[in-house]
Amino acid sequence: MNFFYSKDNLVALHFKYDQARRRFVEWAQNEIAVVPDFHKRILFSDEAHFWLNGYVNKQNCRIWSEANPQVYVETPLHSEKLTVWCALWAGGIIGPCFFKNDEGHNVTVIGDRYRAMITNFFIPELNNYDVQELWFQQDGATCHTARATIDLLKDTFGDHLISRFGPVNWPPRSCDLTPLDYFL
């Protein structure tokens, strides 16, 4: 039987994700118990894609309705999109940062581009803040979790990094744990 389609394995995988989310929430609650304004010290970060043809990414858009909306939008296979990154915390917003190449064309996020954004945009913006007090959060996207990216962020934030493969593990499928899921 194929692992990915086994009902028992999917149930076990969801249980594993639920446990990881619970561990993270318990860790955060413990931090808040020690430092009551801890939640105000987390820089939540993420990027979102905005398709230029009007398509809406359902992952980043929450639709609240009494009835199930049956909306279908046909989209070309490779339509142009704009990728925007920002960080949000109690002290404000850092960004937005638009991912473009040297010619000014919109590009997707890959590890090298993400590290360049961290180095050339994000870290210089941090000079206005005491990063000793701040924690940086990012999700488990591949470009975020490359060894070179994690090393770069550890150089800046030390153990105050919340990320997959970071000192504090950001749990998989945690779409409702960051305010940016409702901001971007």
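In the predicted model, Asp18 is partly exposed, with a relative accessible area of 29% (buried is under 20%, exposed over 50%, partly exposed in between; 1.4 Å probe, protein chains only). Its side chain meets that of Arg21 in a salt bridge at 2.3 Å, N to O (a side-chain nitrogen of Lys or Arg within 4 Å of a carboxyl oxygen of Asp or Glu). Both residues lie in helix H1 (residues 7-34), 3 residues apart, about one turn of the helix. Residues are numbered from 1 along each chain as its sequence is written. Local features need pLDDT of at least 70 and side-chain atom pairs pLDDT 80 or more, totals for chains, interfaces and linings use all residues, and side-chain values use heavy atoms, without hydrogens and water.

The count of salt bridges comes to 4. Glu133 and Arg41 form one at 2.8 Å, N to O. This pair links distant parts of the chain, the loop between H2 and E4 and the loop between H1 and E1, 92 residues apart. Glu133 is partly exposed at 36% relative accessibility, as is Arg41 at 24%. Asp37, Arg41 and Glu133 are linked in a network of salt bridges.

An open sheet of 5 strands has the order E3-E2-E1-E4-E5, with mixed pairing (two strands pair if DSSP finds at least two bridges between them; helices are DSSP runs of H or I, at least four residues, and strands of E, at least two, numbered from the N terminus). Strands E1 (residues 42-51) and E4 (residues 135-137) run parallel, joined by 3 bridges.
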